[in-house]
Amino acid sequence: MAYIEIRDLIKVYQAKETYYKVPALRGIELEIEQGEFISIIGPSGSGKTTLLLILSGMAEPTAGYVRIGDVRLDQLSEETRNLYRRTKVGTLWQIPNRNLIWEINILQNVEIPLRLMGLQREVRIKRARELLAEVGLENRVKHRPSQLSGGEVQRAGLACALAHEPELLLADEPTGELDSKTSGELLKYFQSLNETHGITAIMVTHDFDVAKATDRLIQIVNGRISGYSLTGDLKTIRDMHEVYLDRFGSIQLPRHIVDNMKVQRRVNIEHQDGKVILTQE
Amino acid sequence: MKRDYSGLKKSRRYLLQNFFMTSRSVFNTLFNTKISDLEKFQKIMYFLLWILSPILFVILPLVDLISMIFLPGLHLFKPLFKAGWKYGLISSVGVTLAVSVITQYVFFIYSYQFQAFDLYLADMDRRYIQVEVETVTIGATYDHYNSFKRIAELAVGFANMTERIPQIDLFFRRSTFTQTFDPLLNSTVLPSMPLFGTHGKLWTFLEQNIANGTAPDPFSDDQVLVLMTRDFYNHSSIELYTQQKLYIPVSLNIEDSLTDPGAQTSVNVTGIIFLDDLPKYNVLEYQYGIPVETVLELSETAAVISLWPISANRLHDIAKTVGTGDIIEDLFYDVSQIDAFRLNLEITYLKILGNKLKESYLTFASYLSVRITSPLINLIEKFREEYNLYQTFMLAFLAPIVALTIILTVYAANLVRKKRDRQLTILADRGTSRIEIGSYLSLEAFIVGAISLAVGVSAGIPIASLLTRSSGYLSFGNTSLPLKLELSSVSVAIFGSIGAIIVIQLFNTMTLLRKRDIDDYGKVEKNLPGFYKYYIDVALAIIGVALWYVYEMPALNAFKYKTARYVGIPAIVVLLFGLILLSQRLLPLFSKMLIKLSIKLKWDIPSLSLREIYRYQKSYSRSSIILCLSFSLVVTSIVVPYTYQDFNYEGAQYDLGTDILIRNFPIEDSILKNTLEDMIQVEATSIVRFINIRDPQGVSTIVSILAINPETFKKAAFFRSDFSKASLDELLADLTYARDENSTSVIGQVDELSLFNYVEGSVMKMTYWAYNESNRNEFGSPFFYTDVTFTFLNTYNVWPLFLKELILDNVRASYFHFVAPLNIMDFIQYNYLSSINYLYVKVKDGYDISDTADEIKPLVGSSPVFDVERQLFVKPDSPRSSILYSAINSTLLMSFAINAIILGLFASIQLIDKNKELATMKAIGISSGQLNKYFISIYITMLAFSTILGLIIGFIASSMLMSILSISRSMPSYHMNFPIGQIALVLSILLVTSLAGATIPTMTMSKNEVGTELRQSA
């Protein structure tokens, strides 16, 4: 049984002060094994962050089935959702002030998840210092986020996210605001975490170089998985598109598929094992 | 790793609950234990547990409750408090202000009500109930004295008020005059010198204060004491141990009495008491005594007094009196027992006592014509009315302040919420439950509330103390009303404040606790706040106008005191808010208009920045509402006192009729009159005489007549602009005509005449209770009834003569008030002792009226001298004025405080909000100067908008408030005083401070390094 199982996940936002409803996820189907390092790519507004929010327990699915380990995220009460967030999952966001409280130092920031666990002061401080040392910030523990560089802030955020030893790490474009060298370092840290601690990690990114470093790559377009690659290489992504089927049975194929197929005016259609196959006449 | 953090908290609660159950069981066991059955050690344990278990009984549930609320969030306290104390401080601004408003208001009101009534009583001498029985045959024995006293004592007993009336003084009085030689005038004079007989405490007091000589021998039958002023002493030849003759008038020519043996008696003067040196009669060991002249109702400058039997003997010696005199009994009320918070109850007590007294005199002595007067009832009622009006006035000012505090709290809470949302979202992200966040926020609210309580109360006490010394507009003189902190006032203030803190902090916590949407940042707040959708502003304005219309309805005129409080003031407050909210609808239009103007004038930066007002209407309109309200309050608190001061002064002049008024002026003393006229400060004088004409039974007064000299009166008296339809010259010409014709033609009060359908030229014939001393010989009584006919020459609206003092003592029940020439007195047969003579004195411009009055006082002996400055309704140094001015002063102080707070918040918003915006603008190349211009043009626009509206709305509110305040007087007209200079000055200070407060952060930040700014505001 896969560690993460998502079936027909739908999320619809109700726009405030209007009657419009915005569908962000339109039926995601996904399975992720424990210890996998996954990257999610896709254009802006495709639903990547929404998926991450649902997996982090910060947003509730409108419909569908979401299971992480033995936790059904689509059936959580507020109390168990909080418990899930504070025990099972760690999050790292692109914007630094979503990871850290700007008014206190990074040691105190890392301490917060440990406080939530009810640990004694000495244990908390020891663990927080260890974590900050792991991300290379042992000399900056008394600094506030505003006194750190971008990379340091993200590393401090990572320390926060890992403080409570989560099974699942979710990162939303963690390298988005970093230079290539710093992002490379961060990525290596992600990989080592994944390898040594066996943490399942899901990372949203725009950077294909970053995506290459992951085990698997998933592409989301318009709220649906539009392709995936088992190697994390973009070239091996299987091309999937959603098209409109009218009541007369007509569809319009995407232009680049038509071009790639180099089809003439007529094609053969075959229905086999629930799939529709187009071949050149 | 330990993950179950809740176990400890749960076990703690179980432990507490078990403790509670145990202590309750122990308490129950103790309750049912017989102490006599216990051993010594058991007894000690019994008492220890008896003390301990109830404490646990109360404390444990409290500890349980506190642990239930605060424990879940305690583990987050340190980092969160460190991260959020700044915001807690901002949200505490409103709380602190609320606490300080409550504290100062409660302490002031309590201090005022506890003490002002007492001081008010001190201002008034007549703190007793008086019984007067006219023409009683006085028995020359102590038994007669005692039997009379007993009647009153029985009534007091029946009314169950023995504790409240611990002392009764009784005396009789007979109006007599004497003959003496005035060495200063070098002539023989016949001054009035009534004969009194008394006993008991009053007599003991007099005996103890004999200046010269000794007390009369109780066994003599003619030894007396003479009470007189030093001035009288200098003007007379009365000496110790000499015989002095007393006479009663037997005809209009009082000199006839000198030769009539039946109209005179002789007394032996054994002692002299000088009224000038006499201490006040301290009837009930009060802090404040009563002058003996007041107790004896002595309006003369000299009197003869002795023990009851001696004086009664002398009275019987004057054969024509047939031994009759007036008995007066003063029932002294222990005013220290009056509960200032239950004045209505006291009035009821007094009324019950009055009825019992009447019944008692009727039952035990069969006296029908008993007159019972209780100046104390009038006094309490007057105090209550004034107090209610001033309290209403204070509430009128307080209501907008409270509203401002609420708006400010919401404003601060919204600001804090915006800033703290991010912190709390991160916490939620890390799995913090709402209970934990709520618990932490409650703890923070508790700490902030406790600090606010301490700071607010500390600020409120000195403000209240300052307000109790308010003696005028922004004047804090040394009035005798110290701040009084009673247990009850302290507890009301503390509990009130705690209540306010709980409400405000609950609101703040709920605002922060609302379920947050992770991406709900940076929303553009176009459109006005939500309530505008429902036309709340229009509804408020309409309700305000409707309420005011109801208040102004002529049918409700009789209840103005009550409607002022329950209809008038709410109308003003509702209308004020309605107008301010309504006017905010103009803000988008105003900013649009300015945008167009700035585009035309090619002011690039302002045209850009003004769009921000249009874009963020919601937040700018909130600021504008507060500024508008605050500015309009400032305007009101300047305009109202200025207008009222004028109104007050005019009112005092109207009450008195002139600058200085001398009551009981010896009009036959032409030398004294000339002396006064020759004073350098005196511009003119005029003699005015006053008499009441009673119905044929002599019970109630039908007509009050003021007799004047038309020529001199015009020069000495004060006239209001609306005193009559006809001109003053026309009216005075009418009076001159009446005088020259020797007629009983008069000028009447227009509303009184119209009530009985009299018009100019009408004739009114009336039968009245006449008095002629010569009738006594022939018919046995000087009283009889006869007719008089008045012809109405003209009418007046308000005549500057029927002063308040007269109204209180004489003409309260008059149906008609006529003005006539002096010689009308020749056509009316009246008891000359019941007329009052006045001298009006007009002071020249440039001279101080009070100083002049002080100079006149020694010249006129015991005649009371009133002056317009001391007559001011709201005297600068009177506690009565304190509440009015303190209301105004507190409003002004609060307005300034609120303005300062708003500015502080503005600055905070700038510091917190605009950081990134400023840095970004600088990053795209906008210079510091342009940045300043950008923001300053927004502030100027906002302030201009608020100032214009504040001025207009403030003026409307001032007019309405003055209209309510003016009901405390019978004067209908007043002129709004709009001190442009003062308003301009105060508003300029406010505007400059506002502008500085708003721009300084902008200017400071615009100098900072862009990179640092951008990074720090991430």
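A residue is counted as buried if 20 or more other C-beta atoms lie within 10 Å of its own. By this criterion, the buried residues of helix α12 of chain B are B:Ser489, B:Ala493, B:Ser497, B:Ala500, B:Ile501, B:Ile504, B:Gln505, B:Asn508 and B:Leu512. The structure is a predicted model. Helix α12(B) covers residues 487-513, 27 residues in total. From first C-alpha to last, α12(B) reaches 37 Å. That span is close to the 39 Å expected at 1.5 Å a residue. An α-helix has 3.6 residues a turn, so residues three or four places apart point the same way.

B:Gly73 counts as buried because it has 21 C-beta neighbours inside 10 Å. Its contacts, leaving aside residues up to four places away in sequence, are B:Glu436, B:Ile437, B:Ser439, B:Tyr440 and B:Leu443. B:Ser433 lies 360 residues from B:Gly73 in sequence. In space, the C-alpha atoms of B:Gly73 and B:Ser433 are 9.5 Å apart.

The largest nonpolar core comprises 176 residues. Those with the most contacts inside it come from chains A and B: A:Val110, A:Leu132, A:Ala159, B:Ile572, B:Leu576 and B:Ile580. Helix α3 of chain B, residues 77-123, gives the most to this core, with 18 residues. Within the largest core, B:Ile572 is one of the residues with the most contacts. B:Ile572 touches B:Ala396, B:Ala957, B:Met960 and B:Leu961, with residues up to four places away in sequence not counted.

The contact between the two chains takes 25 residues from chain A and 21 residues from chain B. On the side of chain A that touches chain B, helices α2 (78-87) and α3 (106-116) of chain A each supply at least two residues. By class, this side of chain A has eleven nonpolar, seven polar and seven charged residues.

Chain A has eight helices and twelve strands. Of its 281 residues, 41% are buried. Among contacts in chain A between residues at least 6 apart in sequence, 59% join residues at least 24 apart.

Strand β8 of chain A, residues 200-204, is largely enclosed by the rest of the structure, because five of its five residues are buried. Both faces of β8(A) are covered. A:Thr200, A:Ile202 and A:Val204 lie on one side, and A:Ala201 and A:Met203 on the other. Strand β3 of chain A (residues 37-41) runs parallel to β8(A) and is joined to it by four bridges. Here A:Ser39 has A:Met203 as its bridge partner. Strand β7 of chain A (residues 168-172) also runs parallel to β8(A), joined by five bridges. In this pairing, A:Asp172 stands opposite A:Val204.

In chain B, strand β12 (residues 324-332) is mostly covered, with seven of its nine residues buried. Strand β1 of chain B (residues 128-137) is antiparallel to β12(B), and eight bridges join the two. B:Val136 has B:Gly325 in β12(B) as its bridge partner. Strand β2 of chain B (residues 167-174) pairs with β12(B) over seven bridges, in the antiparallel sense. Across this pairing, B:Asp169 stands opposite B:Asp330.

Nine strands of chain B form an open sheet with mixed pairing. Their order is β20-β21-β19-β22-β18-β17-β23-β16-β24. The edge strands, β20 (763-771) and β24 (865-867) of chain B, each pair on one side only. Direction ignored, neighbouring strands of this sheet are turned by 35° against each other on average. Three bridges link the antiparallel strands β16 (residues 660-663) and β24 of chain B. B:Ile662 stands opposite B:Val865 in β24(B). Helix α18 of chain B (residues 670-677) packs on the sheet. Helix α18(B) touches β17 (682-694) and β23 (836-843) of chain B. The direction of α18(B) makes about 135° with that of β17(B).

Methods: Residues are numbered from 1 along each chain as its sequence is written. Chains are lettered from A and ligands numbered from 1 in the order in which they are written. This is a predicted model: local features need pLDDT of at least 70, side-chain atom pairs count only at pLDDT 80 or more; totals for chains, interfaces and linings use all residues. A nonpolar core is a set of buried Ala, Val, Leu, Ile, Met, Phe, Trp, Tyr and Cys residues joined through C-beta atoms within 7 Å. A residue is buried if 20 or more other C-beta atoms lie within 10 Å of its own, exposed if 12 or fewer, and partly exposed in between; C-beta atoms are placed from the backbone. Two residues are in contact if their C-beta atoms, placed from the backbone, lie within 7 Å. Ala, Val, Leu, Ile, Met, Phe, Trp, Tyr, Cys and Pro count as nonpolar, Asp, Glu, Lys and Arg as charged, and the others, Gly among them, as polar. The expected span of a helix is 1.5 Å times one less than its number of residues. Two strands pair if DSSP finds at least two bridges between them. Axes are lines fitted to C-alpha atoms, for helices over the stretch in contact, and angles run from 0 to 180 degrees between N-to-C directions.
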